Amino acid sequence: MTTDLPTPANPLRIGTRGSPLALAQARETRSRLMAAFDLREDAFEIVVIKTTGDDRSLIDADVALKELGGKGLFTKEIEEDMLSGKIDIAVHSMKDMPTLQPDGLLLDCYLPREDVRDAFVALNHDSLAALPEGAIVGSSSLRRRAQLAARRPDLKVVEFRGNVQTRMKKLGDGLADATFLAMAGLRRLGMEEVVKSAIEVEDVLPAVAQGAIGIERRADDMGAAAMLEAIHHWPTGQRLAAERAFLKGLDGSCQTPIAALAELEGGTLRLRGEILRPDGSEVLNDDRTAPIEDGAVLGAAMARELRSRAGEGFFDWLDT
């Protein structure tokens, strides 16, 4: 390693949102860097940055995320602080990340991926199938809302935004009978006990990059690049390359109900992808394999295939 390592006098500044999950992810990143370079905790500084998406009025608003600005709500201020030099790296939940980064920033380090499944969370019901007709499900995810509409059109879906703790409080207050959360986040928070059942990917395909943590840096910061290379998890990077190429080829934001999952077996990558109309009235999917190194090409090709099958009018609702 040719770069100078951080010290207590000159710590590596790790930018993150302030939610309990975001902080847990930042601490995991710090722990991995400490172990990789035999550094003490005080060689790092975790810098909490409030993003537009953390605004209390937006969390409480009964408005779809796409109407508030999409995924950039959770990254804009963090990336601005990195470009200005206030932080050195930023830790992100990858399912929140747009497919394109601002000029001058790179996203090329991923930690080992956690459980990719969705979790069914409720106080009085054990599974999605156990929900009675007309039950209220809270979710702010277009993907989950569309998948739910396709599978259980008898249920009522309402906007449900906020971190894990906020959503659990909303359930307790009776604002919904059930909600969905990512198993990965609950595991990282040590809150698996709130899960009534994990939803298998064969039943509900997860969001693109669900369960993955990405670490962003300035493109010209070779010191950060060398450190992050030491903790980069190559298999997760290969899986996300395919999934994010699929997302980019379709829309690249949170404005489309899209699901995808790439898995590795030997030298082969399997990619499953799905697009839905928001009301669940039409679901198109595909399932393909390719050599691992061709994952991004496969993702882009699958996006083109599903766009072709969708035909004229499938995405018209994006402009309404």
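**Close-up 1. Pairing of strands S11 and S12.** Ile 258 has Ile 275 in S12 as its bridge partner. S11 and S12 (residues 268-276) are antiparallel and joined by eight bridges. Strands (E, at least two residues) and helices (H or I, at least four residues) are DSSP runs numbered from the N terminus, and two strands pair if DSSP finds at least two bridges between them. The model is predicted: local features need pLDDT of at least 70, side-chain atom pairs count only at pLDDT 80 or more, and totals for chains, interfaces and linings use all residues. Residues are numbered from 1 along each chain as its sequence is written, and side-chain values use heavy atoms, with hydrogens and water left out.

**Close-up 2. The hairpin of S12 and S13.** Nine bridges pair S12 with S13 in the antiparallel sense. Leu 269 is opposite Ala 290 in S13. Six residues lie between the two strands of this hairpin, and Gly 280 in the turn has a positive phi of about 75 degrees.

**Close-up 3. The three-stranded sheet.** The sheet is open, with antiparallel pairing and the order S11-S12-S13. S11 (258-265) and S13 (283-291) are the edge strands, each with a single partner strand, so one side of each has no neighbour in the sheet. From one strand to the next, the twist averages 10 degrees; angles run from 0 to 180 degrees between N-to-C directions, with axes fitted to C-alpha atoms, for helices over the stretch in contact.

**Close-up 4. Helices on the sheet.** Helix H8 (residues 234-250) lies across S11 and S12, at about 150 degrees to S11. Helix H9 (residues 295-310) packs on the sheet, touching S12 and S13, and its direction makes about 155 degrees with that of S13. Contact means heavy atoms within 4.5 Å.
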